[in-house]
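Good morning. Please look at the structure first.

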Amino acid sequence: MANAIKKVIPMLDRILIQRFEMKTTTAGGILLPEESVPKEMQGLVVAVGPGARNPAGAGHLSIAVKEGDRVLLPKYGGTKVDMDDKREYVLFRESDILAKLE
């Protein structure tokens, strides 16, 4: 798993995020179908690109999040990335991320 993730390096201001998984069982033990479970709006930053190009000169603008940060995501958007470990990974632009959670 770790080898597959290390091979994905986002370009410019894009950020690779692993969405947190929602619980598919209730407190009473009832299994819920995947269609009825809403998407989790939080995720873990897995990889970060170098940042957007600096319009004033050479280099890149820094990105506000780093690997390991928890972030709040929009309900829709992003580009789904399939990996071998069956988890849901999504690429977002930095401007699409709603908040950094502490």
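In what order do the strands of the open sheet stand? The order is β4-β5-β1-β2-β3-β6, 6 strands with antiparallel pairing. Strands here are DSSP runs of E, at least two residues long, numbered from the N terminus, and two of them pair if DSSP finds at least two bridges between them.

A note on the source: this is a predicted model, where local features need pLDDT of at least 70, side-chain atom pairs count only at pLDDT 80 or more, and totals for chains, interfaces and linings use all residues. Residues are numbered from 1 along each chain as its sequence is written, and side-chain values use heavy atoms, with hydrogens and water left out.

β4 (79-81) and β6 (99-101) are at the edges with a single partner strand each, so one side of each has no neighbour in the sheet.

Now the middle. β1 and β2 (residues 42-48) are antiparallel over 5 bridges, with Q18 opposite L44 of β2. On the β3 side, L44 has R70 as its bridge partner. β3 pairs with β6 over 3 bridges, also antiparallel, and V71 stands opposite K100 of β6.

V71 also belongs to the largest nonpolar core, which has 10 residues, among them I15, I17 and V90. Such a core is a set of buried Ala, Val, Leu, Ile, Met, Phe, Trp, Tyr and Cys residues joined through side-chain atoms within 4.5 Å, where buried means under 20% relative accessible area with a 1.4 Å probe, protein chains only. β1 (14-19) and β5 (89-93) each supply at least two of its residues. A second, separate core of 6 residues includes L16 and V46.

Note on methods. Buried means under 20% relative accessible area, exposed over 50%, partly exposed in between (1.4 Å probe, protein chains only). Helices (H or I, at least four residues) and strands (E, at least two) are DSSP runs, numbered from the N terminus.
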